[in-house]
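Here is a short briefing on how two protein chains are arranged and how they meet. Please look over the sequence and the structure before reading on.

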2 protein chains.
Amino acid sequence: MMISDTTNTPKYYQISRQIIAAIRSGRLKPGMQISSENEIIKKYGVSNTTARRSLLEIERAGWGTRIKGKGTFVRERNVQRSATRILGFTRNMIEAGYTPSTKVLDVRKIAKGFSSTINGRRYAMPGPVYKIHRLRFANDIPMMLEVRYISIDFCPDIAKQDFTGSLYDIYQEHFGLSLVEIQQTLSTVMIDAGTQRFFDVRVPIPAFRVEGVTFCGKEMILEMEDSIYRGDKYRFSVCAKP
Amino acid sequence: MMISDTTNTPKYYQISRQIIAAIRSGRLKPGMQISSENEIIKKYGVSNTTARRSLLEIERAGWGTRIKGKGTFVRERNVQRSATRILGFTRNMIEAGYTPSTKVLDVRKIAKGFSSTINGRRYAMPGPVYKIHRLRFANDIPMMLEVRYISIDFCPDIAKQDFTGSLYDIYQEHFGLSLVEIQQTLSTVMIDAGTQRFFDVRVPIPAFRVEGVTFCGKEMILEMEDSIYRGDKYRFSVCAKP
């Protein structure tokens, strides 16, 4: 396979993107060996400098790990989720290079509402509220089991919507609501037998439990959440300033 | 026991603080029953309204859980840690009502330095750096196993300091350094056999692994961290804004 000379993109970068595309598509899986320097030289007709830079670029971009004397291997890649940025699952997955999808497990009206303590404060949504239970996937891997409680006052006919995409988009596009703040408490739990089934895992794994409350204005609760993020697939990033 | 009438603090509040003090001191332990309404009426000579408000206040403050028809019980209390505020262990524990203490396990100079990927970026501290390994306690309960790598450039004679307290205080008081930003990645891990020993637990428990980098100026790395926070004792609070 030859790399086109007519573009301004450096060759090493083009090669790295082709290999990363193979990882993203699932043709190259975590733990598998990526072509060696010599294989890249032969396959793409490039110098050893370019071949080496291609592998370094794959490593730099977080898709490969070099093991001395053995080669470069596809990295088991966690999704990083910023806890300090308002970013829904859908967009988070797209930014991470995955294709998001959603299975709606249950939608129902809860007459008595919902309440929970988040970051030391008690928040209550008077009933009725909608409870939406969904399983969310990245490239068909189940990542997160989500329960959200949505205000009927702010989203009166939301049950008519399609819940296979971003709820944030529905809030914005159908109800003209913007999110102004999200408070979340992160705890660690072992995934129990009932939840293992959803995640298609056979052994107990640790997970993040994320309990949250989302505001669309001062003291205006738009939704609350109680979700499980797989610990073997997720990391949360945070930034603290004085 | 009588409650003084000469102060402006409401009686229910004074009673709740006495009971909370008993919980904090460890005389009342998680799971134990707190005095009933009738017991409070007799013991403090107050009305049933005041007794009821005392118990509600204990619950509101997060120290008790009411179980219908059974009474109020001392809550198994996690420590909440803000991930978006710069707050050391010492001050976090004091604010949570605990007495912090520290066991220094190891202090050594690492010739080759330290590097790690935090929130998708590679950070390197050229050697030598100090590595400080500590076990940190709240009311004598081991909470967190901490490894910190400290810049010798910024803190040249830090090895002479007493490491049983706050490193943040040492940075500020001895070296005049202020923290300007902390980047952290939170992941979940199972506490392994080697670490169980430090935490004095017999069964595997999930934990938070916190990898971080702390800056004392633009691109100036003061320290890096790789610590284990017990999942059964810690929750992290975060706040996201647009």
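Predicted model: local features only at pLDDT ≥ 70, side-chain atom pairs only at ≥ 80, totals over all residues.

A rotation of 180° superposes chain A on chain B, with 0.0 Å of shift along its axis. The two copies are thus related as by a two-fold rotation axis.

**Symmetry**
- The superposition of chain A on chain B has an RMSD of 0.1 Å.
- In chain A, the C-alpha nearest the axis belongs to Pro206(A), at 2.9 Å from it.
- The copies meet through the same surface, because 100% of the interface residues of chain A are also interface residues in chain B.

**Interface size**
- On chain A, 31 residues are in contact with 31 residues of chain B.
- About 2,700 Å² is buried between chain A and chain B, and carbon and sulfur atoms give 58% of that area.
- Within chain A, the residues that lose the most area to chain B are Thr188(A), Val238(A) and Ala240(A). Together they account for 23% of what that side buries.

- Two salt bridges are counted between chain A and chain B.
- Lys241(A) forms a salt bridge with Glu181(B), with the closest N and O atoms 3.5 Å apart.
- Eight residue pairs are in polar contact across the interface of chain A and chain B, both residues being at pLDDT 80 or more.
- Strands S9 (181-190), S10 (206-215) and S12 of chain A are the elements that give two or more residues to the side of chain A that touches chain B.
- S9(A) gives the most to that side, with 10 residues.

**Strand S12 of chain A**
- Strand S12 of chain A spans residues 234-240. Six of its seven residues are buried, so S12 is largely enclosed by the rest of the structure.
- Within chain A, S12(A) pairs with strand S3 (residues 79-82) in the parallel sense, over four bridges.

**Ser151(A)**
- Ser151(A) lies in strand S8 (residues 141-151) of chain A.
- Ser151(A) counts as buried because its relative accessibility is 7%, and the cut-off for buried is under 20%.
- Leaving aside neighbours within four places in sequence, Ser151(A) is in contact with Met125(A), Ile221(A) and Leu222(A).

Terms used: Residues numbered from 1 in each chain as written. Chains lettered and ligands numbered in written order. Heavy atoms only, no water. Least-squares fit on C-alpha atoms with pLDDT ≥ 70 in both. Contact = heavy atoms within 4.5 Å. Buried < 20%, exposed > 50% of the residue type's maximum accessible area, 1.4 Å probe, protein only. Pairing = 2+ DSSP bridges. Buried area = accessible area lost by both parts, 1.4 Å probe. Salt bridge = Lys/Arg side-chain N within 4 Å of Asp/Glu carboxyl O. Polar contact = N/O pair within 3.5 Å; in protein donor to acceptor, adjacent residues only side chain to side chain.
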